[in-house]
Amino acid sequence: MVNKLREKFPGIIFEEDESKAILIPPDNILEACRFLKDTEGLEFDYLMNLAVVDWKDTLEMVYHLFSFTLRHKTTLKVRLDRQNPVLDSVSGIWRGADWFEREAYDMFGVKFNNHPDMRRILLSDEWVGYPLRKDYIDPELEVLPER
Amino acid sequence: MTTKLSLRAEGEAISPQIETEEFFVNMGPQHPATHGILRLLLKLDGEVLQEITPYIGYLHRNFEKICENRTYTQVIPYTDRLDYIGAMNNNLGYCIAVERLMGITIPERAEYIRVIMAELNRVASHLVWLGTFALDLGAWSVLLYCFREREEIMNLYEETCGARLTYSYMRIGGVSSDLPDGFVEKAKRFVNYCRPKIDDYEALLSKNAIFLERTKGIGILPKELAINYGVSGPLLRGSGVQWDLRKEEPYSIYERFKFDVPVGTNGDCWDRYKVRIEEMRQSLKVLEQALNDIPQGETLAKVPRVIRPPKGEVYFRSESPRGELGFYVVSDNSPKPYRIKVRAPSFSNLSCISEICNGWKVADIVAILGSIDIVLGELDR
């Protein structure tokens, strides 16, 4: 998988992490995804899941892909700047990404370029902050003293 | 012979003085057909739907954040409250995800108990769906019959783990306790009791002219669109994709059982109804085999008291009654999960609603929404 990507985009560095996921530079996510979906022999037509993990220094986007035609899977990861996380939307490739990306925005503050409807999805529009970030403090939370 | 209510003569156009315009209607947040708290904003032209915008999140509790402050075992009761109609399947999905992360194999008997519980739960969940779906379309009696049969399953569960809805029965490494005395016989009796009942529901609905009229050809979801939207479960199978994770990526011990995967052809409400009815029969078939083969033995593997999976991550997906239920668990080798992301089937399934509802009448929206079978607990998490 990763070799095919390297062949197609020779100028871009693709790495694999310890869980065999392919690391993709943030600027290239859209073309890489389009390539993975449209190329014969890859044909990833199903976005199973899109998760974000806050590693305190970076935000990591995790795309779990699956192909119904060829019955294989892969995982893509994109590491984003935590201060200003911006990424191209893949909702044009997999429509299901629309709500997943809205959730990522809602919970982590990742902004997506060219998203059809970039609003909060689970929380109200007036909500301040991004709750699933590790440094988020709930204003209404009472912290009990350590026993 | 139809009676004409209009005072206008036939063929006469609406006078130019009367202004017509599109208008918005709020369906929900409190509405009996939304089966929970869901708001749909409908843009209507007369009775015909132009555009539909779902607003979700009314039941949001941020399950994922809560989990980060609980130990791995403490998360189990929270999974019950995601899809509360199919809670056993949520327990199962979560427990297997953590077990895969830790590399635990669980005892034979526990595997069988898990399959029995999951399949009973699938039947119960589809019974709730069938009853409420028929109710949405105006057939009262089916609901009462469905809940009668579901009651039997609830009783079996109550005997086993004390709870009727939020079970928390499964543990990482097996199940919390062995089956009570006489459970296997009672469950076998239930399987034999339930099988002809499914034919009864079909007798009530499958040849009912109103039901046919309300479901056939309504809310068609084409195959490619379904895949593109990440739709799964009976909704995807209704659109003609032969795909069941129990069959294609067998987890637990599903590879040992013989059952068929029903698929539809047109992807309309009728196909989804047929798929779910047939799935109940197939679940009973799995139940029968599991109940006959269940061995004696341990029900809980030897797991450490404090569960501390090695550093790593896992994405595990299982077939819940509503579709692909995924748990993405990231561990940093501490007793608490670093991150849990739930891929809820209802979430992805509902996202395609704006695509399949346009052009239908308001009454059909109720049928389409009902046929998607959402549970707001897991949709909003």
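Modeller: A nonpolar core is a set of buried Ala, Val, Leu, Ile, Met, Phe, Trp, Tyr and Cys residues joined through C-beta atoms within 7 Å. A residue is buried if 20 or more other C-beta atoms, placed from the backbone, lie within 10 Å of its own. The model is predicted: local features need pLDDT of at least 70 and side-chain atom pairs 80 or more, while totals for chains, interfaces and linings use all residues. Residues are numbered from 1 along each chain as its sequence is written, and chains are lettered from A and ligands numbered from 1 in written order.

Biologist: How many residues has the largest nonpolar core?

Modeller: That core has 144 residues, and A:Val52, A:Leu65, B:Ile116 and B:Ile368 have the most contacts inside it. Helix α4 of chain B (residues 108–136; a DSSP run of H or I, at least four residues) supplies the largest share, 16 residues.

Biologist: Which residues does B:Ile368 contact?

Modeller: Leaving aside neighbours within four places in sequence, B:Ile368 contacts B:Ile218, B:Gly219, B:Cys269, B:Ile356, B:Cys357 and B:Trp360. Contact requires backbone-placed C-beta atoms within 7 Å.

Biologist: Turning to domains, what is the assignment for chain B?

Modeller: Chain B has domain 1 (23–54) and domain 2 (59–380), with bounds from an automatic or database assignment. Their contact takes 16 residues from domain 1 of chain B and 18 residues from domain 2 of chain B.

Biologist: Which strand gives the most to the domain 1 side?

Modeller: On the side of domain 1 of chain B that touches domain 2 of chain B, β3(B) gives the most, with seven residues; a strand is a DSSP run of E, at least two residues.

Terms used: Contact = placed C-beta atoms within 7 Å. Buried ≥ 20, exposed ≤ 12 C-beta atoms within 10 Å, placed from the backbone.
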